[in-house]
Amino acid sequence: MSAAGLIARHEWRRLAAQPFAWTLAAIVLALMAWQFLLAVQGFLDLAPQLAARRDAPGVTDLVAIPLLRSFANLLLLLVPLVTMRSLAGERRAATLPLLLASGVGDARIVLGKYCGALGFVLVLVALVALMPLALGLGTALDYGKLLAAVLGIALFAAALTAIGILCSAWAGQPALAAAAALALGALLLIVDAGARLQGVTNAGINYLALPTHLEPFLRGIVASVDIVYFLLLTALALLLAVQRLDVLRARPH
Amino acid sequence: MSPPILELVRVSRQFAGRTVVQALDLAVARGEVLGLLGVNGAGKTTAMRMMAGALAPDAGHVRLGGRDLAQHPQLARRQVGYLPETPPLHAELTTVEYLRFCARLHGVARGAVTAAVERAIERCQLGEVRGRVIGVLSKGWRQRIGIAQAIVHAPDLIVLDEPASGLDPVQALGLRALVRELGRAHAVVLSTHLLPDVAACCDRVAILHQGRLRHTGPTAVGGGTHLRLGTRAPLTAQTLTSLTPVATAAPLDVLHWRVGLRPGSDAADLAAALVGHGVAVTELRADEPPLEAIFIAIASGEALAA
């Protein structure tokens, strides 16, 4: 197994040994399950009226996509809580020298930390995605649209996790890392809000915003430009995290 | 002596414009335990971090087995075991889980991990806490787990920064025995404030002060060529130098002398000569400057006589 894989697996083991991760997962899943049940009940209440319309939206549009959109908003808060300890926690507990002196290399350490955190986040994404997918047992779902939305959420989560790792590498305290990641995620969420109010929807500032690239996925559109955006954002954040680790290596404490 | 495992050649390091380690030259061979001494802020921890590959020097070279650590950082993975000042423990894991990770992190093959971990547990006497979560253990146990992670992959070089910190006297004695045992098959560098630990464990001592190497030499003192002699009646220098084993004799007071021996002579020869000359001896002991005196002289900034 590569060193990055070993560190990623170790991150998993450490997360599984902490009540914090289990509590976080339980809260998120309970919250999403509650929203899901409310959405299903709302759909059932509307079903007679929808049946009367020819091009009425289906359960995918009225239950699954809103649920995933809501989950995307929750990820902005959830991911920083998952990533905050990955490097900042190591620094606070003075355990970073174990990795730094292991000869593994900064890039592999960051990649291992990233994969460990992303694995946990993606399990939550999969569990939340299972909720609307379960409706397929009793009704017809637009699987293409649903899978596109799940792919978008996964890429969105991957970028947020990379930002979280970057903030965890920069901050000396986990709480500060979480706050910074939340602030950075929120900034990327609303960076083009002013431009949109002015009617600008196709400028450079729009390209920087997360919703510009997440929304097409939620509408069932998988475009390479959006995939590239999330991948670039992820790569940039991880590269900066590697650089930061290199700086930390040169510091006395 | 075998070629050095670790070589520091003119190694320097600055932090924020302040020189913490300056032009440090050191070498440690397999089968040798080097004690690194110095007051707080002398540069010991920085020097040890560079030896362990956790910090790159600004100038000079750190070589492991003749190869530059800066150019081959992966060497540290298998060949160096490092215990920092604060043991880098993952508190939420059990002792065995943590040591298994450390073994794999340092490149121990999957099939050899169990044996390596068991060996480290046995050497550090961790059997009692092997299945316990590290976070609930006492400082002494945690320190020993820290030492175990530094040796689990059987590295060539073991760097221990203040390993006796937090140990009770019985555990400290066990640590001395462990370090001596490690020193038989590995090169060991040990920093401590406890001079008795250095005297008990180390073959050589290096004293750092203000980032510079101020003294290096064997730990064992007293086997040298100068003795302190006390007599019941006053003597003259001529009387003493007329004795075969005596090369020089300098009075300390009326009844005490600092006697330099001729090559090949020892304290027993001098004692026999004195008795044969009818001199009543009240004191005869080594008069080399002890480690503590050397350390204090350096720490207080005095120039040490060679």
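Which strands of chain B does H1(B) lie across, and at about what angle does H1(B) run to E7(B)? The legends below take this up, view by view. This is a predicted model, in which local features need pLDDT of at least 70 and side-chain atom pairs count only at pLDDT 80 or more, while totals for chains, interfaces and linings use all residues. Residues are numbered from 1 along each chain as its sequence is written, chains are lettered from A and ligands numbered from 1 in the order in which they are written, and side-chain values use heavy atoms, with hydrogens and water left out.

**View 1. Helix H1 of chain B lies across E3, E6, E7, E8 and E9 of chain B.** H1(B) runs at about 155 degrees to E7(B). Angles run from 0 to 180 degrees between N-to-C directions, with axes as lines fitted to C-alpha atoms, for helices over the stretch in contact; contact means heavy atoms within 4.5 Å. Helices (H or I, at least four residues) and strands (E, at least two) are DSSP runs, numbered from the N terminus. H1(B) is mostly covered, with 8 of its 9 residues buried; buried means under 20% relative accessible area, exposed over 50% and partly exposed in between, using a 1.4 Å probe and protein chains only. Among the buried residues are Met48(B), Met50(B) and Met51(B).

**View 2. An open sheet of 6 strands in chain B has the order E6-E7-E8-E3-E9-E10 and mixed pairing.** Strand E6 (80-83) and strand E10 (212-218) of chain B stand at the edges with a single partner strand each, so one side of each is left without a neighbour in the sheet. From one strand to the next, the twist averages 15 degrees. Two strands pair if DSSP finds at least two bridges between them. E3(B) and strand E9 (residues 204-209) of chain B are parallel over 4 bridges, and Leu37(B) has Ile207(B) in E9(B) as its bridge partner. Helix H10 (residues 291-299) of chain B lies across E3, E9 and E10 of chain B, at about 15 degrees to E9(B).

**View 3. Strand E8 of chain B is largely enclosed by the rest of the structure, because 5 of its 5 residues (187-191) are buried.** Ala187(B), Val189(B) and Ser191(B) cover one side, and Val188(B) and Leu190(B) the other. In a regular strand the side chains alternate between the two faces of the sheet. Strand E3 (residues 32-37) of chain B runs parallel to E8(B), joined by 5 bridges; there, Leu36(B) has Ser191(B) as its bridge partner. Strand E7 (residues 157-161) of chain B also pairs with E8(B) in the parallel sense, over 5 bridges, with Ile158(B) opposite Val188(B).

**View 4. The open sheet of 4 strands in chain B has the order E2-E1-E4-E5, with antiparallel pairing.** Its edge strands are E2 (18-29) and E5 (67-68) of chain B, each pairing on one side only. Strand E4 (residues 59-64) of chain B meets E5(B) over 2 antiparallel bridges, where Arg63(B) has Asp68(B) as its bridge partner. H1(B) packs on this sheet as well, touching E1, E2 and E4 of chain B, and its direction makes about 125 degrees with that of E1(B).

**View 5. An aromatic cluster in chain A is formed by Phe156(A), Tyr207(A), Phe217(A), Tyr229(A) and Phe230(A).** Rings of Phe, Tyr and Trp (its six-membered ring) pair if their centres lie within 6.5 Å; planes under 30 degrees apart count as stacked, over 60 as edge-to-face and the rest as tilted. Over all chains, a search of the whole structure finds 4 aromatic pairs. For Phe156(A) and Phe230(A), the ring centres are 6.4 Å apart and the planes at 85 degrees, so this pair is edge-to-face. Phe156(A) lies in helix H7 (residues 143-170) of chain A and Phe230(A) in helix H12 (residues 224-249) of chain A, so the pair ties together parts 74 residues apart in sequence. Tyr229(A) and Phe230(A) are also edge-to-face, at 5.3 Å centre to centre and 70 degrees between the planes. Tyr229(A) is buried at 5% relative accessible area, and Phe230(A) is buried at 0%.
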